[in-house]
Amino acid sequence: MGYSTTERAGRWCSRALAVALAVSCITGRVRDAAAQGSTQQSASILFFPTVQVDETHDTVIQITNASNSARNARCVYLDGSLTAAGAPRCAQTNFDLQLVARQTALWVVSAGQRATSGAVVDDIPQPLRLVPPLAAGFAGALVCVEVDAAGFPIAGNAMIGTATLQHPANGNVAQYDAFGLRGFDTNDGNEVLCLGGTVTAACPNGAEYEGCPGRWVLNFIAEGAEDPLAGAGSSVQTELTVLPCAQDFRLSNPTSVTVNFSVYNEFESQLSASTDVSCWVTSPLIAISDLAFSAADLGTLHARAVVTAGLLDGGVALVAREIHSVSGAPASSGATVPHLDPADARADVITLPPVR
Amino acid sequence: MRGLRVERMARRGVWATVLVVLLAQVIASRVAPAQDVADQAAALVVYPYVVVDGTNGVDTLLQLSNAGEADVGVRCFYENATHYCSNNPATACTDDTTCSPGGVCEAQWTAHEFVIGLMPGQPQAWRASEGKIAVGIPAVDPMVGLLRCTVVDIDTFLPIAANVLEGTALLDEFRPEPSPEFDTARYNALGFRALGPGDGDGALTLGSEYAGCANVVSYAHFTAGVADPVAPQRQVNTRVVVVPCSVDYAAGLPGSVMVHYSVWNEFGQRVGSSRRVTGQDAAGLSDVHATLFSAATLGTLTAKTTVAGIEGGVLVLGIETHAEPDVIGAGSAAFGVEHRGSRATNDLVVLPPNL
């Protein structure tokens, strides 16, 4: 059973490299598991969880190419409105986006945008862009994925965005930053986008993007409380939008998640609630539970809700919109992305329609 | 003998390779972005814009929560950068025209400390104009400034590396007459996460003990004064709040940084300008530079601006206002910015001795 020196050297090489690779994989996996997206860094996938077009809302979308070279994206509007039967439509409208270096694309969702090739402004050719307008009644989300010139996903990490919800008549505006996931160099360029997680049959390279958060924290004014400045006759309501990160844009199958709420008032008393989300939902907190979120039940003006996706569910993207009313009429609002828990990143898959 | 030497050399070479791989992993994890964040709990939080004007129905609602599972103390510092008239030091002003003839509207800077305790999971909230006297939070009015809070040990009041503070702010404006007018904007406080156990002293080093300030921050915005694309009767204007990352509360000195602005229009053409910021700068784009940010100069509806501090890092918050000229009532919204790169040098927040 003796080994030659060459064999022994070979075995040493194998063992040492195995150790190095194992440590490398473990540290890489820890990095992936801990990563969970951000609103402040340019990314490869952008989630705009709430986009609305109706009599009292329109939405302005801004997407900026943060890089010094031209970039492309495939974007999908997800219609979360309900059918007459009460089921989510979960229908999609998709389009391509081209951005020159450092360019911001801005459009009003109800109007869309059409920039034809060959248009010239100040001797500079306008980029080609065609964003379809959406009709009144749309309520849902926008998801944009960075792709190469041929339409295949890449980890370019060049996009950052904001959305502004506006009341066309009374001037009320609420703005939030898009939630972005950065891509890794493990991206295989196919239409199955692997967010977080480990190697699976659908994700042979493991995570291609950061994972979505499974746990968020929302600090809010208790439902129905008076605005602290306006006092009697005023009220504050918070509308929460939940968008599951896993999306099947190929077959338009709705993703379902259970969302649990642990609500703490200023004296640390705890109340809880839960709701099921299919495809997309935006709802006043009071409609999720009239016990856990109301000023009357919480007993304090402010509260803190820990929002957790079900243990077996994927991650979610959230936006909270706080609406201040006078005499029952909405007068002003502000929107934020809640705080996320960096220790809870989930595994999800987004499937894009094929490139044709 | 030669075979053994080959084996030894092979072992050394491979282990050297292993060390290089592991070292690279460690370095990669160290240089991973560790900058201030607006969407995670942190050990030091900064509310870049706190404004109170009681006579005009302007207030800021501040909320601070403990996301941890232990009682913590919090040392907070209001930095009041309200401007006052040189010929009437009791009169707050926004520009020279709001002072009596001959007066100049001058920036002031004062810092006021308060300390509170937070139980596990507890949210604490207060109106800046009223404070919360029962728990030791003072009232401030008038105020244009900011608030910084750092987590400390509940018993010793020395800084601890606990990433448990979540902050949010609501800029609230209400005028009851002639008809009720509301304008609100909400933002998350910017947080610096502790990166290690820290040394517990009063000098908080951003970039080593805590996450650092970004090397460059950037934001997309409407060019100054353009028509709102949804409601063209309104103009869109953007106010940019810039705060130096460093401050010395022990010596009573505000941070002071030369700030460079680079503005790109939609065709990638760039113009730039510089401006010194001491304590805080909360200015409309047209006040930062009279012509640089205008649609007439840039030729496009939107632009992208990057902001970089020269001698130190800066924090930036944007506030976009949609309003009809000469009509009371506006819609405002606060927005965050993109953070890029790490600074080569650290910033420092120096706390006064713990009394």
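**Cores, contacts and the interface**

Mentor: Let's begin with the largest nonpolar core, which has 76 residues, Phe47(A) and Trp107(A) being those with the most contacts inside it. Strand β10 (residues 138-147) of chain A gives the most to this core, seven residues. A second, separate core of 58 residues includes Cys149(B), Ala162(B), Leu190(B) and Cys245(B).

Trainee: What makes a set of residues a nonpolar core?

Mentor: The set must consist of buried Ala, Val, Leu, Ile, Met, Phe, Trp, Tyr and Cys residues joined through side-chain atoms within 4.5 Å. Buried means under 20% relative accessible area, exposed means over 50%, and partly exposed is in between (1.4 Å probe, protein chains only). Keep in mind that this is a predicted model, where local features need pLDDT of at least 70 and side-chain atom pairs count only at pLDDT 80 or more, while totals for chains, interfaces and linings use all residues. Residues are numbered from 1 along each chain as its sequence is written, chains are lettered from A and ligands numbered from 1 in the order in which they are written, and side-chain values use heavy atoms, with hydrogens and water left out.

Trainee: Which residues is Trp107(A) in contact with, leaving aside neighbours within four places in sequence?

Mentor: Among them are Thr59(A), Ile61(A), Tyr77(A), Phe95(A) and Leu142(A). Contact here means heavy atoms within 4.5 Å.

Trainee: What class does Ala250(B) fall into, and why?

Mentor: At 43% relative accessibility, Ala250(B) counts as partly exposed. Ala250(B) touches Val350(B), Leu351(B) and Pro352(B), not counting residues up to four places away in sequence. The C-alpha atoms of Ala250(B) and Pro352(B) are separated by 3.9 Å, though the two are 102 residues apart along the chain.

Trainee: How do you know that Glu322(A) forms a salt bridge with Arg186(B)?

Mentor: A salt bridge needs a side-chain nitrogen of Lys or Arg within 4 Å of a carboxyl oxygen of Asp or Glu. The closest N and O atoms of Glu322(A) and Arg186(B) are 2.6 Å apart, so the pair qualifies under that rule. The count between chain B and chain A is three salt bridges.

Trainee: How much area do chain B and chain A bury between them?

Mentor: About 6400 Å², 58% of it on carbon and sulfur atoms. Buried area is the accessible area (1.4 Å probe) that two parts lose on being put together, summed over both. Here 82 residues of chain B are in contact with 76 residues of chain A.

Trainee: Where is the cis peptide bond?

Mentor: The bond joins Asp141(B) and Pro142(B), with omega about 0°.

Technical notes: Helix = DSSP H or I, 4+ residues; strand = E, 2+ residues; numbered from the N terminus.
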